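Please have the sequence and structure open while reading.

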Amino acid sequence: MPSVAVLEKKKQMVADLSERIKGSCAGVVVDYKGINVADDTKLRRELREAGVEYTVVKNTILERAAKDAGLEGLDAVLEGTTAIATSADDYVASARILQKYADTHDNFSLKSGYLDGEVISLEKLVALAKLPSREVLLATVCSVFNAPIAAFARAVQAIVDKGGVEACEPAEKAEEAEAEAPAEETAEAPVEESAPAEAPAEEAPAEEAPAEDAPAETEAE
């Protein structure tokens with residue numbers, strides 16, 4: 001009979017693995033039989049750099065954890081040596097890296113995998129492994145955006161290539177000076193004198209009112 005401490009430890013392992021499965025978007029179960037220490041270290045480093053968590057696990061622990069996480073369909077492959085790789089936000093990385101490793105190691109193979117809480121067939125898992133990396137997929141998606149965004153991306157890349165924002169400041173200032181020069185010239189250019197406006201026609205003088213008839217001089221007496 002296992003001790004109470006051992007049982008509690010196993011329960012905690014099941015609970016931790018269950019939460020890990022629930023929090024992942026993709027996972028791959030592999031048979032790591034025959035892997036040596038050097039290869040295992042190299043594989044773990046590559047997975048870790050891709051944001052993939054990889055651990056060797058007992059079949060009984062994984063079976064219970066998968067059941068607690070609502071993941072059904074792994075029971076048939078839980079035999080022999082088993083390890084699980086999970087990714088929180090990358091659907092492709094774990095399958096791609098592990099399949100690449102399996103292609104060059106006879107004793108290393110993929111058993112099964114899942115996406116968004118659903119177990120997928122081995123055929124679909126292999127097909128998933130052939131997809132490009134997340135960076136390439138994102139670049140492909142971004143390529144459908146409009147031209148202004150593409151121009152912005154090129155500008156950002158140019159800044160990176162030149163060594164950062166500070167390295168680009170002189171060039172930016174020169175461009176700004178060139179852009180301002182034509183504006184200044186335009187401002188200093190003399191304004192063409194427009195033809196003088198025609199003087200308004202002189203209004204005809206108003207006719208003087210006829211003088212009142214002077215009273216006739218009285219004849220001298």
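With which residue does Glu-53 form a salt bridge? The partner is Arg-20, and the closest N and O atoms are 3.7 Å apart in this predicted model. Glu-53 belongs to strand E2 (residues 52-56) and Arg-20 to helix H1 (residues 4-22), so the bridge ties together parts that are 33 residues apart in sequence. Glu-53 is partly exposed at 43% relative accessibility, whereas Arg-20 is buried at 15%.

## Overall fold

The chain has eight helices and five strands. Along the sequence they follow the pattern α-β-α-β-α-β-α-β-β-α-α-α-α. Of the 221 residues, 25% are buried. Among contacts between residues at least 6 apart in sequence, 80% join residues at least 24 apart.

## Other salt bridges

The structure holds four salt bridges, one of them being the Glu-53 and Arg-20 pair. Another joins Arg-44 to Asp-40, with the closest N and O atoms 2.8 Å apart. These two residues are four places apart in helix H2 (residues 37-49), which means a separation of about one helical turn. Arg-44 is partly exposed at 27% relative accessibility, and Asp-40 is buried at 18%.

Helix H2 also supplies Glu-46, whose side chain meets that of Lys-100 in a salt bridge of 2.7 Å, N to O. Lys-100 lies in helix H4 (residues 93-103), so this pair ties together parts that are 54 residues apart in sequence. Lys-100 is partly exposed, at 45% relative accessibility; Glu-46 is partly exposed too, at 26%.

Asp-31 lies in strand E1 (residues 26-31). Asp-31 is buried yet has no salt bridge. The nearest side chain of opposite charge, Lys-33, is 4.5 Å away, so the pair falls outside the 4 Å cut-off.

Asp-31 does have polar partners: its side chain makes a polar contact of 2.4 Å with the side chain of Thr-81, and a polar atom of that Asp-31 side chain lies 3.1 Å from the backbone nitrogen of Lys-33. Beyond four places in sequence, the residues that Asp-31 touches include Asn-107, Phe-108 and Ser-109.

## One aromatic pair

The count of aromatic pairs comes to one. The ring centres of Tyr-101 and Phe-108 are 4.8 Å apart and the planes meet at 75°, so the pair is edge-to-face. Both Tyr-101 and Phe-108 are buried.

## Confidence

The mean pLDDT of the chain is 75, and 58% of its residues reach 70 or more. Residues 164-168 have pLDDT below 50, and this stretch has six contacts beyond near neighbours in sequence. Over residues 183-197 pLDDT stays under 50, with zero contacts beyond four places in sequence. Where pLDDT is low, the predicted coordinates should not be read in detail.

Conventions:
Residues numbered from 1 in each chain as written. Heavy atoms only, no water. Phe/Tyr/Trp six-rings, centres within 6.5 Å; stacked < 30°, edge-to-face > 60°. Buried < 20%, exposed > 50% of the residue type's maximum accessible area, 1.4 Å probe, protein only. Lys, Arg positive; Asp, Glu negative; His and termini not counted. Polar contact = N/O pair within 3.5 Å; in protein donor to acceptor, adjacent residues only side chain to side chain. Contact = heavy atoms within 4.5 Å. pLDDT = per-residue confidence, 0-100.
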